[in-house]
Amino acid sequence: MANHLITSNSNGQMESESFKRGLGNVFAGERTIARDLTVGLVLMVITVSMITIFASYLYLLRQEENRLKQLADEYILYLADSLELPLWTLDHNSVIKIADSYFTNALVANLKISEKHQASPRSFSEQVLFSKTKSREKDIIIASSDIRHEGRSIGHVEIGLTRRVYQDNLEQLLQSSFLTLLLIILSLILVTSFFLRLFMGKPFESLMQGIHQISMGNYDYRFPAAKQKEINLIVSNFVNMAGQVRRRETTLAALNRQLEVEIRERKKSEAAIRSNEAQLRAIFESSAGGILVVDKNRSIINANDRFYQMLKLPEEFKKNHFESELIDYLAGQMNNPGSFKQKTDEFYQTDSEILDEIFFRDGRVFERFSCPLKQAGAIIGRVWNFRDVTDRKRSVKALRESEERFRQLSDAALEAITIHDNGIVLQVNEQFLKMFGYDRKEVIGKKKFLDVISPEYRDEINFKQMVNAFRFSEVEGIRKDGSRFPIVIRNRAMAYYGKSVAVSVVRDISDRKAAEEETQSLREKLALAKKMEALGLLAGGVAHDLNNILSGIVSYPELLLMKPGLDEKTRKALKTIQESGERAAAVVNDLTTISRGFACTREPLNINSVVKEYLISPEYHKLRNYYPDVQVKTVLETEVFNVKGSRLHIRKSLMNLVINAAEAVETIGEIVISTSNCYLDKPLKGYSDVQIGEYALLSVADSGPGISKNEIERIFEPFYTRKVMGRSGTGLGLTVVWNTIQDHSGYINVISNEDGTRFDLYFPITRESIKDSVSRLPRDMLLGHGEKILVVDDEENQREIATQMLTALGYEAESVSSGAEALTYVGKNSVDLILLDMIMPTGMSGLETYKRIARQCPGQRAVIASGFSVTEDVAAARQAGAGEFLKKPYSIEKLGTAVRKELLRGS
């Protein structure tokens, strides 16, 4: 056993050294995730294993001890039973043999057997028969028992079992466990390292390669996808970080470029400043006057050479930088030195510009102008400008002599002229007195010039500026009687008896203002006309396309409603679709109304009948439901003249005006519709002229609050509206009215104030009588008898709608998509009638198609159709032989009526 233990310990040491070398490899070098994970796993295994081994050792120790106690109890019972008879028969040899046999057991550490004798009735004596001890161990398990025979004790036995044997076994087991643990740990290190390198080495290598690429500036590098969520998260965060770095680099690059641009601009600015300084210096030196610049301490900053030359200053003054010595020198040459110094000091006490004259003893006269020198809004000194006016003074006498001649000339001028000093009138001409209605005595020396200018314009007149520079002002003048009128004032400084004053020339511009207002009115009218014309072109194109689109919405429900067996729910839905299409078609009709150049057919009609038709229409009853408290009255002239126009559009205009009037009144009020005959012989507002003659007048007046001055100029613009959205329209109402009036060569006048608004519509009268209305054909008269009809239309859905309707009416219908196909078809087949679309953008137009068909098949009957109203092409086609005109979208009644009329024409 000893050799086995030594061998185990030797192997354990070798394995321990191998394990240490393995751990040394793991722990060597820089820290890595693989190494940290391996170390953590090994430490976890060691900890768990040690706890498990220790707990197992304690458990086995306890189990072995319990087993020994149980074995001791069993030994003592067997031994007591074996010794019962030998002790009873006093066979001592047998007792010793039994004891020796037990003592040879390796577990038995000591054994003691004694015999009991009764020495007296109350005491016993004990004789030891056997007693041996193998070792002096203290930690042994002892068990004892009395030896009985027939109920009484005849002896005593005591046995001790040693723990050493099972402790040796546990130690061997513990050493084996530690050896196994070391092998497991070493294997775990190797296996873990291998798999960590296998599963994490490549992802981390790719990660490091990508980081290196990005660190080298390759921000477009794409990391390969990894299976590990954590690595993908690291990659995502690093890519975001790289994006931020890239954006910052871009920002820094942009800032760097901007900085380079700013540096270049600053260099340019510095060069420009140097150039400007050179230019200013050249200007400064080239000035005809002497210029002196001093700071607020009255030290000389700069002066041009002309200054020293004009004032004849000694050369040493160019080196002197103090103005006080210069002033003293100049004062010695003045007629009044004290006044010169006093005025100079006064100049420094004000921040204003000052102009005066200085007189030298030698007869020279200088004009001295001074203004503050400012920097960043703060006064840092003054600038002096000296000008030699000696020659000008010499001419004063001559000017005075010519003053009378000047007065005579000014009196003959058309403009009002006044001379004033700080606003006080010194002189005026006759035209001034006539213009403002004053006598000369009421003005000279008593009136201020500002008294003849409206108060709101007086702040614009600055007399200090007037006397120094030319000024032009357009203001409002006030006559003596208080009436106001527009004037233009031209102000300028002039010398008057030795001092500078202002002369103002005033012109009455009332006529010019009136002409400008008239011109502006004509410009606005022209702009509105151009706007309406542009909108008309747009509306025409939109209307054509919308009519084609609406054909399916209006026509297909009508075809479906003709089919038997429809349930009420489906029929109601189809009627709703049809009514929606018809309302949309009405909006398109408004667009065609405002589309200039596409006027509808005009016929003689009476305006009173239009008014009466509207008052019984569903639109009017719907309006009455919205505004039950608004009263509508009519004042219709019985013998109103007929006009030639479109009943539909005049009625539409009346409806729009009544709707506007009702919305203006809103609650309780009144609307008056009136008609009358009138004779126009003077222009109306908004028209430069009108055609003199007789007109039928249709007026709609309301008692609303009126239209503001700002809005009344825009009410006819498209989509300019204050209507209730969803109730009254789309904002085209008054635009429709305007275009209707223009298309009928009429005029419209709007009168509005706080008591209400009235729209007057003037229609030229006609002497033609009204034709009898044509009654509609009965429904059975619309049916065909198998006549063959060719439909020509570039829109597929239009062809389908027309052919289905014609088929439903009993005709044989065929269709083609262009004029060229129509010519080919007619050349090979005979048709009774052609339904021809006039607007076909590609290929031949409808007019050209019909002309060529008419040449190929003389007398060919045709119904022409269009989304527009009657156009020049429609009129030309009808003049070339085409018959009825049909406006899209189609309805069965309109289509059947037009086809039947054309087939019956001339038969």
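**A colleague's note on this predicted model**

1. Let's start with helix α17 (residues 607-615), where Ile607, Asn608, Val610, Val611 and Tyr614 are buried. Here "buried" means under 20% relative accessible area, with exposed being over 50% and partly exposed in between (1.4 Å probe, protein chains only). These residues lie on the same side of α17 because they cover an arc of only 160° around the axis; the arc is that of the directions from the helix axis to the C-beta atoms. At the N-terminal end, Asn606 caps α17, with a side-chain oxygen 2.9 Å from the backbone nitrogen of Asn608.

2. A word on what you are looking at: this is a predicted model, in which local features need pLDDT of at least 70, side-chain atom pairs count only at pLDDT 80 or more, and totals for chains, interfaces and linings use all residues. Residues are numbered from 1 along each chain as its sequence is written, and side-chain values use heavy atoms, with hydrogens and water left out.

3. Now the overall picture. The protein chain has 26 helices and 26 strands; helices (H or I, at least four residues) and strands (E, at least two) are DSSP runs, numbered from the N terminus. Of its 907 residues, 39% are buried. Among contacts with a separation of 6 or more, 62% are between residues 24 or more positions apart, where contact means heavy atoms within 4.5 Å.

4. How many cavities of 30 Å³ or more does the structure hold? There are three. A cavity is a set of points, on a 1 Å grid over the protein atoms alone, where a 1.4 Å probe fits but cannot get out, and its lining residues have an atom within 4 Å of a point. Grid points are joined across faces, edges and corners, and a volume is the space filled by probe spheres set on the points. The second largest cavity has about 50 Å³ of space, and Phe340 and Thr344 are among the residues that line it. Which helix gives the largest share of that lining? It is α7, with four residues, while α7, α8 and β9 each supply at least two.

5. Next, find Glu115 in strand β1 (residues 108-120). Is Glu115 buried or exposed? Glu115 is buried, at a relative accessible area of 3%. Its side chain makes a polar contact with the side chain of His92 (3.4 Å); such a contact is a pair of N or O atoms within 3.5 Å, where within protein one must be able to donate a hydrogen and the other to accept it, and residues adjacent in sequence count only if both atoms are side-chain atoms. Beyond four places in sequence, the residues in contact with Glu115 include Leu87, Leu90 and Ile154.

6. Finally, follow strand β18 (residues 669-680). With β16 (residues 630-636) it pairs in the parallel sense over seven bridges, and Val630 stands opposite Gly669. With β19 (residues 693-702), β18 pairs in the antiparallel sense over ten bridges, and here Leu680 stands opposite Gly693. Two strands count as paired if DSSP finds at least two bridges between them.

Technical notes: 1 Å grid on protein atoms, 1.4 Å probe; cavity = no way out; pocket = protein on both sides within 12 Å on 5 of 7 lines; lining within 4 Å.
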